[in-house]
Amino acid sequence: MRSDANIAGPMTEPVPGPRTESAGDGVSRETPPPMDDTPIGRAAQLAVEALGRAGEGLPRPEQTRVMVVANQKGGVGKTTSTVNLAASLALHGARVLVVDLDPQGNASTALGIDHHAEVPSIYDVLVESKPLSDVVQPVPDVEGLFCAPATIDLAGAEIELVSLVARESRLQRAIQAYEQPLDYILIDCPPSLGLLTVNALVAGAEVLIPIQCEYYALEGLGQLLRNVELVRGHLNPTLHVSTILLTMYDGRTRLASQVAEEVRSHFGKEVLRTSIPRSVRISEAPSYGQTVLTYDPGSSGSLSYLEAAREIALRGVGVHYEGQHAHTGGSISQQSNSEGIQ
Ligand SMILES: Nc1ncnc2c1ncn2[C@@H]1O[C@H](COP(=O)(O)OP(=O)(O)O)[C@@H](O)[C@H]1O
Ligand SMILES: [Mg+2]
């Protein structure tokens, strides 16, 4: 059994170990990126081992867990969390597919997947009914990680889908027809609640909401929660908000801890105990076509995503960390009208 000292509380570094120098700009600068001659996937694997849990393994879900990473606000860490959690789960030994559902294609970029206009993409799946297997590509350097890329074509899909049959369930059908064994599918949604996001909500059972630890963090969440309710009521009875992840947490500011407290008091047990720190390494990694797991495996950002992924995997088999913030009773939907969430 793991020691509690390694479970990150909201105010602490996620896991002990990363070297962090304080920088004047409010973010941490950490270990240098891996040497050029170090295979980056191997370096990331070493980071997993450095957590001291190499042989321990994580439980794999009995069925594929389809997780929709959604928040209609832009810039809250949806894409960053999708790719880094997916890479973390893969490094923990799971088989993981990232579905890039944002026309910006940021998740595809971050995973080093080519997504220029001619590449077969999720647009072809949604609009042209192409099988998902025709567009899925393996992610370089991370074994067990795959990506269905988004190209700029997807920008038109929101409109084109309107006139198609079963317009809300095209992604669901494609996923159901996909025969490769997978432990997780993570869907990176665009910053809107249009038909692309609705397709994701119909395809998945779990919603993962990243919340940035900034002012107005909860604003707009009520609308997302109501949409989840609508889709649950009409199109997908299994849908529920299973996971809230606090992102860009800066433990030195009172604002971040106040936001974290507020989110925990509203959402309770769905909030992962591990929060993701604000870190330069996390924001640098995509420009190298990498996740932070391979870009700087020993950084606090990398270790916190590994830890968050671990929590997600354990929760999938019913293991919840109990802590001072653990909430008893009441589902998120029941709390969605509480004060503070509009
Ligand atoms: N933990 C973090 N520390 C520092 N920068 C971050 C962190 N998470 C995300 N970012 C940066 O914030 C910006 C928005 O993140 P992104 O994941 O693209 O948000 P979204 O997909 O919700 O629009 C990006 O530039 C990203 O690199
Ligand atoms: Mg994004």
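**Figure 1. Helices H2 and H12 in the predicted model are roughly perpendicular to each other.** Helix H2 covers residues 78–91 and helix H12 covers residues 300–316. Their axes come within 8 Å and cross at roughly 75°; because angles of 65 to 115 degrees count as roughly perpendicular, the pair is described in that way. On the H2 side, the contact involves Thr80, Ser81, Asn84, Leu85, Ser88 and Leu89. These residues meet Tyr305, Leu306, Ala308, Ala309, Ile312 and Ala313 of H12. The residues of this contact comprise 8 nonpolar and 4 polar ones, with no charged residue.

**Figure 2. Helices H6 and H7 cross at roughly 40°.** The axes of H6 (residues 170–177) and H7 (residues 195–203) come within 7 Å. The crossing angle makes H6 oblique to H7, and the crossing is right-handed. H6 contributes Arg170, Leu171, Gln172 and Ile175 to the contact, while H7 contributes Asn199, Ala200, Val202 and Ala203. Of the residues in the contact between H6 and H7, 5 are nonpolar, 2 are polar and 1 is charged.

Figure 3. A polar backbone atom of valine 76 is 3.1 Å from an oxygen atom of the ligand. For proline 277, a backbone N or O atom lies 2.9 Å from a nitrogen atom of ligand 1. Serine 279 likewise has a backbone N or O atom 2.9 Å from a nitrogen atom of ligand 1.

How values were computed: Residues are numbered from 1 along each chain as its sequence is written. Chains are lettered from A and ligands numbered from 1 in the order in which they are written. This is a predicted model: local features need pLDDT of at least 70, side-chain atom pairs count only at pLDDT 80 or more; totals for chains, interfaces and linings use all residues. Side-chain values use heavy atoms; hydrogens and water are left out. Axes are lines fitted to C-alpha atoms, for helices over the stretch in contact, and angles run from 0 to 180 degrees between N-to-C directions. Helices (H or I, at least four residues) and strands (E, at least two) are DSSP runs, numbered from the N terminus. Angles under 35 degrees count as roughly parallel, over 145 as roughly antiparallel, 65 to 115 as roughly perpendicular and the rest as oblique. A crossing is left-handed if the near helix is turned anticlockwise from the far one by less than a right angle, and right-handed if clockwise. Contact means heavy atoms within 4.5 Å. Ala, Val, Leu, Ile, Met, Phe, Trp, Tyr, Cys and Pro count as nonpolar, Asp, Glu, Lys and Arg as charged, and the others, Gly among them, as polar. A polar contact is a pair of N or O atoms within 3.5 Å; within protein, one must be able to donate a hydrogen and the other to accept it, and residues adjacent in sequence count only if both atoms are side-chain atoms.
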